[in-house]
Amino acid sequence: MTAPNDILLAVEHVSLSFGGVRAISDVSFDIRKGEVRAIIGPNGAGKTSMLNVVNGFYHPQQGAIRWQGQARSRMKPHEAAAQGIARTFQNVALFKGMTTLDNIMTGRSLRMRRNIFWQAMRHGPALDEEIEHRRVCEEIIDFLEIEHIRKTAVGALPYGLQKRVELGRALAMEPVLLLLDEPMAGMNREEKEDMSRFIVEANRYRGATVALIEHDMGVVMDLSDRVVVLDYGRKIADDVPDAVKSDKKVIGAYLGVGQ
Amino acid sequence: MDLVRAVFVDPFAQMIAAPDLLAQTIWEGFVAGVLYSLIALGFVLIYKASGVFNFAQGIMMVFAALTLVGLHEKGVPAWAALALTVAVMYGLALAIERLVLRPLVNQPDIILFMATFGVTYFLIGFGELVFGGNPKSMITKELYLPDGALDLHILGGRVELQKLDIAAAAIALTMVVSLASFFQRTRIGRALRAVADDHQAALSVGISLNQIWVIVWFTAGIVALATGIFWGARSEVSFALQVVALKALPVLILGGLTSVPGAIVGGLIIGVGEKLGEFYWGPLLGGGIESWLAYVIALAFLLVRPQGLFGERIIERV
């Protein structure tokens, strides 16, 4: 069976375990180009492990990842990044000593090609290149409405803003696939609305396919095109939001009804 | 009362009475200090990028100098020996990344620290095997390093500056400035600071840890080569030279393990401090205080600023 062209990433029968602990058992699903795909499930269901498999932090013992139609062997995280997979983290992984602008500039690392000698001199072609990358980053800062903290060290920022900077760094990579691990955890309603708006715009106008993990069901149902549900490392549902909402197994998993 | 006078009054009186001697002492302290800074810089670079305290920094310095002199002894022209030594340091960085750091990724820091002991003993054995254990003299003339001295008639007396020391200070300062601008301004510099902050996040934006580690260890190797050349020229190239690296410890304590400016300022304070102490206060204790004074200075600073002069204050919740 050949995969249709619009499938960006396919997870095929993936199993992952750490020693004796099975984190993911035989899970398959796919992500289509241009959609917002949600991955939900109770705590410990294997959602973050799944993202870690997709961007190469973990290598599954069984199964395969098909990226843009090609089977991908053991890929390292920086190789995944080079192929256009960007991500944010559950517990915000920013470079705390650096400013907002520098953090977002690191997202351009892979796109800077000029000789480091010229970079150090701030001269010649490297200067033009730096200015171009800087322009892209400033535009993202503008988009995320964080101009006022451009030069602030991110370690000193409140949590909600750190999450936004982290999204900015991922967007600076101009990703094909954007993985978001609980982008709204710990936010108040207003912050969640802002973040939802940024995600929708990134998806519609910046052309990023989005896969997100989120616990706020309201947000998930509003944002996503399709939802895959994991529980104890297994896939228990995979459908459009409305169908998932009324699925008996899903309700059971969330309410803790016996297996 | 005599003791108080001897400690707090007489030395300063001497300084004022003979300003040329004071200038001479400060200059010598400054040169030693610049070289301490350079060694400390090697530690700081590696610590920042990989969180490893590199015990092998001292032996890397000896190994680099030994390779340079050893190759020349075997008939390689000086310029080619220098280029080859740079290549050897690059090979060493590659080997350390591949054989030591990569297999130990995600291990506790103490494991990596112990691994650098392994690197130390390997380099001692390997260096002895290839180049022999006898002390050698540095090939200063072949490298076009100046000799002789510059006499300045100032301050009502004579201050003598060794030309080699002037060259050492100039080269060390150039290296420090270019390293600092390299790390502040380039993509790799930004990547390096990113790696220092958060490994996982650095990987996710496409920075290759392996590549960064090779660059950092190679840079530390070049720094080791420069320090090796100048310390070697001041005494001789032998394995005993690695104890000089121990002098970098008080410098690191003083400057903070994570700070490049800290390494520089710390080195200068220790260098000048120990020379002044030895010259003006040493006779009170029968001399020879230079070897431990650095640690006392560092301790005194630690009492006031436990994180060092420029170090990050690390707050951990317990």
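Trainee: What is the strand order in the open sheet of four strands in chain A?
Mentor: The order is β2-β1-β4-β5 of chain A, and the pairing is antiparallel, where strands are DSSP runs of E of at least two residues, helices are runs of H or I of at least four, both numbered from the N terminus, and two strands pair if DSSP finds at least two bridges between them. Bear in mind that this is a predicted model, in which local features need pLDDT of at least 70, side-chain atom pairs count only at pLDDT 80 or more, and totals for chains, interfaces and linings use all residues. Residues are numbered from 1 along each chain as its sequence is written, while chains are lettered from A and ligands numbered from 1 in the order in which they are written.

Trainee: Switching to β9 of chain A, why is it largely enclosed?
Mentor: Five of the six residues of β9(A) (residues 226-231) are buried, so the rest of the structure largely encloses this strand; buried means that 20 or more other C-beta atoms lie within 10 Å of the residue's own, with C-beta atoms placed from the backbone.

Trainee: Which strands pair with β9(A)?
Mentor: Strand β3 (residues 36-40) of chain A pairs with β9(A) in the parallel sense over four bridges, with A:V229 as the bridge partner of A:I40. Strand β10 (residues 234-239) of chain A pairs with β9(A) in the antiparallel sense over five bridges, and there A:L230 has A:K235 as its bridge partner. The hairpin of β9(A) and β10(A) has two residues between the strands, and A:Y232 takes a positive phi near 45° in that hairpin.

Trainee: Over to chain B, which residues of α6(B) are buried?
Mentor: B:A115, B:V119, B:L123 and B:G127 are buried in α6(B), and what covers the buried residues of this helix includes α4 (57-73) and α5 (78-101) of chain B.

Trainee: Last one, how many residues of each chain are in contact?
Mentor: On chain A, 26 residues are in contact with 20 residues of chain B, and α2(A) gives the largest share of that side of chain A, four residues.

Key: Contact = placed C-beta atoms within 7 Å. Buried ≥ 20, exposed ≤ 12 C-beta atoms within 10 Å, placed from the backbone.
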